[in-house]
Amino acid sequence: MKISGIVTAAGLSSRLGEFKPLMEINGFPMIELTVQSLENAGIEDICVVTGHRGGEVEAALKHKNVRFAQNASPEAS
């Protein structure tokens, strides 16, 4: 059975004041660690939803085998 995963990384992170997906934890962006956790669980089909700073999120994951979907209204996330 194939299991898919969706990671939402489209919001503004306005409450935190820092863009959560790119915050570093142990030298890695949080979004990369999130995707790695899904991969470690055996999930092969991963879609990352981007919006605000989407290009930076995609660049951080360029070496990962993930698909991207664009949220056209990240301010509503």
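The protein carries 7 positive and 9 negative side chains, and the centres of these two sets lie 3 Å apart, where Lys and Arg count as positive and Asp and Glu as negative, with His and the chain ends not counted, and where the place of a charge is taken as NZ of Lys, CZ of Arg, CG of Asp or CD of Glu. The model is a predicted one, in which local features need pLDDT of at least 70 and side-chain atom pairs count only at pLDDT 80 or more, whereas totals for chains, interfaces and linings use all residues. Residues are numbered from 1 along each chain as its sequence is written, and side-chain values use heavy atoms, with hydrogens and water left out.

Two helices and five strands are present in the protein, these being DSSP runs (H or I, at least four residues, for helices; E, at least two, for strands) numbered from the N terminus, and along the sequence their pattern is β-β-β-α-β-α-β. The radius of gyration, taken over C-alpha atoms, is 12 Å, close to the 11 Å that the globule rule (2.2 Å times the number of residues to the power 0.38) gives for 77 residues, so the protein is as compact as a globular protein of that length.

Of the 77 residues, 35% are buried, that is, under 20% relative accessible area with a 1.4 Å probe and protein chains only, while exposed means over 50% and partly exposed lies in between. Lys62, which is found in the loop between α2 (54-60) and β5 (67-70), is exposed, with a relative accessible area of 69%. Lys62 and Gly17 are 45 residues apart in sequence and, from C-alpha to C-alpha, 25 Å apart in space.
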